[in-house]
Amino acid sequence: MTHSLYTHNILVKNPNELVKNGKIVVKDGYIDSISRHEVENTLNDPEDFYIITPGFINLHCHLAYSDIELESQALFPWIDALMDSCLKNPFDAKSNSYSGALEALKTGTTFLVDNTNYLAASLEAFNKSGLRGIIAKELFGSDPDLAAAIVRGAYEDIRTFAFSPHSLYSVSPEIWGAIYEFTKSETVNFSVRNLIFSHFAEDLEEEEWFRDKNSSNIKNLESFWRRINVLEDKKRFWRAANSSWDYFKRYILEDLLKSNFKAVLTHAINLSEAEIEEISRYDQIRLVTCPRSNKYLKHNLARVDLWEKYGILYGLGTDSKASNYDLDLRKEAIALKENFKNFGSNISYKRLFEILTMDAAEILGLEQKIGSLDEGKSAEYCVWEIMDKSLNVKALAGSDSESIFSLIINADKVKLVDFNINLALN
């Protein structure tokens with residue numbers, strides 16, 4: 001397939017390389033060549049002008065909650081409301097997941113990490129929509145004696161996917177250890193077997209528990225733990241640690257460092273600068289932020305300016321539509337830019353684009369397959385039409401790249417008119 005329908009293009013190979021009047025040729029689902037059209041574009045008509053980019057990569061989502069509407073409130077009351085919604089009829093995980101997958105695709109996401117308990121629903125949504133990604137089986141459980149059985153049972157369910165111990169507040173450290181031990185002793189076939197996905201340090205009440213075990217500020221957290229009958233189990237380790245990061249270091253990090261796993265930790269709110277600097281020393285740890293979801297759940301803002309300062313590899317997710325307004329990663333990128341401003345810093349549109357593409361692919365260990373438009377890589381790209389017809393596209397095509405990336409990231413400036421995904425890629 002030659003994408004010659006759109007002849008007047010700026011083709012974004014990667015954040016540092018743009019091809020004007022670009023042409024992309026695809027064979028068997030992979031990019032065969034990228035070149036310039038033989039006839040130079042001399043037109044100055046926005047109707048004939050498009051931007052072709054790599055597809056975006058959403059590193060944290062829960063597709064099964066796509067059609068659940070919950071009010072913005074603190075995390076643990078929100079979780080109570082979510083649990084109630086999932087127990088009510090009709091809750092249709094398949095319909096929800098498919099709806100979310102389509103929405104993600106329509107906003108430029110071609111690869112997504114779906115953290116879920118609804119494996120059949122997620123798999124069907126990926127297959128029907130064409131969206132590609134990783135299905136990460138969420139694990140729950142605070143009883144250490146059940147940890148190994150929980151991991152074995154999850155493996156029987158997923159076989160070729162990945163593990164996602166839900167969060168520090170909802171799993172025991174033994175579950176992490178059981179994942180390491182299980183993969184040493186059994187024949188496994190995970191598509192991304194060396195990654196563990198998890199929520200991390202998401203709510204201020206978690207930190208309050210560590211700092212002041214008798215604080216009245218943790219009533220929501222304790223009430224939630226009592227409801228799911230894990231409060232006494234939580235006291236075993238949480239009483240000894242001084243923060244979420246201290247907990248992770250004491251009970252999880254050592255085994256992680258000895259294994260071949262990398263941990264993709266989402267949210268990471270309320271970390272101190274000293275903790276962020278320490279995290280930056282570990283290549284095994286990558287971070288993900290969902291800024292609009294964090295605001296929706298009334299959290300503090302992740303110190304992304306410090307993540308950037310200390311060179312941590314990080315990416316973006318949307319979380320679910322039950323805790324957000326939509327699954328548009330471009331809007332998440334704009335929210336990230338606002339977070340930088342709130343901390344007296346700045347981030348360029350070019351850097352935002354890199355976070356949505358190349359950095360996200362590297363976090364997943366898939367940088368040789370997706371994240372940029374290069375010969376031999378999977379043919380996953382989006383075609384964007386410029387909405388503002390008053391723009392002088394000839395001048396735009398000759399401008400600095402920051403103007404191009406500003407158009408791509410701002411959701412009201414361009415619309416998706418076409419995309420290509422390599423469905424055959426394993």
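**Entry 1: Ala136**

I began with Ala136, which, leaving aside its neighbours within four places in sequence, is in contact with Val113, Asp114, Asn115, Thr116, Ala162, Ser164 and Phe197, where contact means heavy atoms within 4.5 Å. I note here that this is a predicted model, in which local features need pLDDT of at least 70 and side-chain atom pairs count only at pLDDT 80 or more, while totals for chains, interfaces and linings use all residues. Residues are numbered from 1 along each chain as its sequence is written, and side-chain values use heavy atoms, with hydrogens and water left out.

I found Ala136 in strand E8, residues 132–139; strands (E, at least two residues) and helices (H or I, at least four) are DSSP runs numbered from the N terminus. Ala136 is buried, with a relative accessible area of 0%, on a scale where buried means under 20%, exposed over 50% and partly exposed in between, for a 1.4 Å probe and protein chains only.

**Entry 2: Ala154**

I then turned to Ala154, which lies in helix H4, residues 147–158, and is buried at a relative accessible area of 2%. Not counting residues up to four places away in sequence, Ala154 touches Lys137, Leu139 and Phe163. For the pair Ala154 and Lys137 I noted 17 residues of sequence separation and a C-alpha to C-alpha distance of 7.0 Å.

Ser97 sits in helix H2, residues 93–106, and is buried with a relative accessible area of 0%. Beyond residues up to four places away in sequence, I list its contacts as Leu63, Ala64, Ala121, Ser122 and Ala125.

Just after H3, Gly130 takes a positive phi of about 95 degrees.

**Entry 3: H6 against H7**

Next I looked at helix H6 (residues 204–211) and helix H7 (residues 219–227), whose axes come within 8 Å and cross at roughly 95 degrees. Axes are lines fitted to C-alpha atoms, for helices over the stretch in contact, and angles run from 0 to 180 degrees between N-to-C directions. H6 and H7 are therefore roughly perpendicular to each other, given that 65 to 115 degrees counts as roughly perpendicular, under 35 as roughly parallel, over 145 as roughly antiparallel and the rest as oblique. Glu205, Glu206 and Trp209 of H6 meet Lys219, Asn220, Leu221, Glu222 and Trp225 of H7.

**Entry 4: H14 against H16**

Last, I recorded that helix H14 (residues 349–363) and helix H16 (residues 401–409) pack at an angle of about 55 degrees, with their axes 8 Å apart, which makes H14 oblique to H16. The contact is made by Tyr349, Lys350, Leu352, Phe353 and Leu356 of H14, together with Ser401, Glu402, Phe405, Ser406, Ile408 and Ile409 of H16.
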